[in-house]
Amino acid sequence: MKRYFLGTALVAAMPVAAAAQDCGEVSIAEMNWASAQIVVAVSEFILTQGYSCDVTVVPSDTTPAVTSLSENNEPDVVPEMWPNSAGAAYEKLKENGRIVELTNVLDPGGVEGWWIPTYLAEEHPELTKIEGVLANPELVGGMFNNCPDGWGCRIVSDNLARAYDLEGNGIEVFNHGSGETLATSMASAYENEEPWFGYYWGPTTPLGKFDMTSVDLGDYDEEAHAANQNADTPDPKPSAFPTAPILTVMTKDFSDNNPELADFFSKVSFKTSEMSQLLAWQDENNASTEEAAVYYLQNNKEVWSEWLNDEARGNLSSLLEQ
């Protein structure tokens, strides 16, 4: 594989960023999962080379990031915040006007659902709806690949399995012990073009690597979905999974003092499906986060060039013209 390095392959081909636009210091939270790390690497490169910023990347996670924002009003930017995982402390930050939600950094957001391989959907279109799956259990292998033990999605899927009466319709619920075995089951079925039916979410490497079709579970019912998150729900009801918003958040103070950077981050957005494909490329090439970021920058210039102001676009013009 051709190796890519942010500090060499791109920077060596560019002039030094103009000192006239010195944005000063910026601190960015880097969450400890792959998509967030790529978003930060792409943003850091553009801020450094396009806007002449002095960027500090702060390793973090959802709870530590919210705590730091609450107690210290930093870091300045959290590029991949999942509000549905952040709890009441995050809502309090919003209510108090301490943060600004700039954009959906992943569009449409985090996706969850029950999936089948697209080759199966094309051969048997009836399986694209849950009613068709229930009527033809043998076509999906007679098995539902459930969330691993201990995961939050396990409770919802357990309740949905009861709501749709999977076992009563001849579909065994197989509870995976880990995310690795769940992903491996999908990969094995796909490589052999065998039936597969189960839960998965994105952006993730498997959904980027394998062409999967989400099974239509019917309408999203907010009340039913909320009840389905309780393991003790006595009578679970059907509901589709909602799309989870994944946002770029900036402190209000930093946004007010740095309107050009707030404008930049308000435009930084990746399609969820495209992020899954980027994660798949990273996995298949055994690439680092930095290499994945460079791969994105080199192959999506028409997208990220629209994020820039005129001066940053000028600073990065040699890269854009390559």
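Trainee: Helices here are DSSP runs of H or I with at least four residues, numbered from the N terminus, so in which of them is serine 70 found?

Mentor: In this predicted model, serine 70 is found in helix 3, which covers residues 62–72.

Trainee: Switching to isoleucine 38, where does it lie?

Mentor: Isoleucine 38 belongs to helix 2, and it counts as buried because its relative accessibility is 0%.

Trainee: What does isoleucine 38 touch, not counting residues up to four places away in sequence?

Mentor: With those sequence neighbours set aside, isoleucine 38 is in contact with Met275, Leu278, Leu279, Gln282, Thr289 and Ala292.

Trainee: How do the axes of helix 2 and helix 14 cross?

Mentor: Helix 2 (residues 34–51) and helix 14 (residues 289–299) have axes that come within 9 Å of each other and cross at roughly 65°, and the crossing is right-handed.

Trainee: Which residues make that contact?

Mentor: On the side of helix 2 they are Gln37, Ile38, Ala41, Val42, Phe45 and Ile46, while helix 14 supplies Thr289, Ala292, Ala293, Tyr296 and Leu297. Sorted by class, nine of the residues in this contact are nonpolar, two are polar and none is charged.

Trainee: New topic: how many disulfides does a search of the whole structure find?

Mentor: The search turns up two disulfides, and when the bonded cysteines are counted along the chain they follow the pattern 1-2, 3-4.

Trainee: Which cysteine is joined to cysteine 23?

Mentor: The partner of cysteine 23 is cysteine 53, with an S to S distance of 1.7 Å. Cysteine 23 sits in the loop between helix 1 (6–10) and strand 1 (24–31), and cysteine 53 in strand 2 (residues 53–60), so this link ties together parts that are 30 residues apart in sequence.

Trainee: Are those two buried or exposed?

Mentor: Cysteine 23 has a relative accessibility of 17% and therefore counts as buried, the limit for that label being under 20%. Cysteine 53 is buried too, with a relative accessible area of 7%.

Trainee: And what about cysteine 147 and cysteine 153, how far apart are their sulfur atoms?

Mentor: The sulfur atoms of cysteine 147 and cysteine 153 are 2.0 Å apart in the disulfide that they form. The angle about the S-S bond is -120°, and the link is left-handed. Cysteine 147 counts as buried at 0% relative accessibility, and cysteine 153 counts as buried at 10%.

Trainee: Now the rings: how many aromatic pairs does the count come to?

Mentor: The count comes to 16 aromatic pairs. One of them is tryptophan 114 with phenylalanine 197, whose ring centres are 5.8 Å apart and whose planes stand at 85°, so the pair is edge-to-face.

Trainee: Where do tryptophan 114 and phenylalanine 197 lie?

Mentor: Tryptophan 114 is in strand 6 (residues 111–117) and phenylalanine 197 in the loop between helix 8 (179–191) and strand 9 (198–202), so the pair ties together parts that are 83 residues apart in sequence. Tryptophan 114 counts as buried at 0% relative accessibility, and phenylalanine 197 is likewise buried at 0%.

Trainee: What about phenylalanine 270 and tryptophan 307, what kind of aromatic pair do they form?

Mentor: That pair is edge-to-face, with 5.6 Å from centre to centre and 65° between the planes. It links distant parts of the chain, 37 residues apart: phenylalanine 270 is in strand 12 (residues 270–271), and tryptophan 307 is in the loop between helix 15 (301–304) and helix 16 (310–315). Phenylalanine 270 is buried, with a relative accessible area of 4%, and tryptophan 307 is buried with a value of 4%.

Trainee: Last one: which residues do ring pairs link into a cluster?

Mentor: Ring pairs connect Trp151, Tyr199, Tyr200, Trp201 and Phe241 into a cluster.

Technical notes:
Residues are numbered from 1 along each chain as its sequence is written. This is a predicted model: local features need pLDDT of at least 70, side-chain atom pairs count only at pLDDT 80 or more; totals for chains, interfaces and linings use all residues. Side-chain values use heavy atoms; hydrogens and water are left out. A disulfide is a pair of cysteine sulfur atoms within 2.5 Å. Helices (H or I, at least four residues) and strands (E, at least two) are DSSP runs, numbered from the N terminus. Buried means under 20% relative accessible area, exposed over 50%, partly exposed in between (1.4 Å probe, protein chains only). Axes are lines fitted to C-alpha atoms, for helices over the stretch in contact, and angles run from 0 to 180 degrees between N-to-C directions. A crossing is left-handed if the near helix is turned anticlockwise from the far one by less than a right angle, and right-handed if clockwise. Contact means heavy atoms within 4.5 Å. Ala, Val, Leu, Ile, Met, Phe, Trp, Tyr, Cys and Pro count as nonpolar, Asp, Glu, Lys and Arg as charged, and the others, Gly among them, as polar. Rings of Phe, Tyr and Trp (its six-membered ring) pair if their centres lie within 6.5 Å; planes under 30 degrees apart count as stacked, over 60 as edge-to-face and the rest as tilted.
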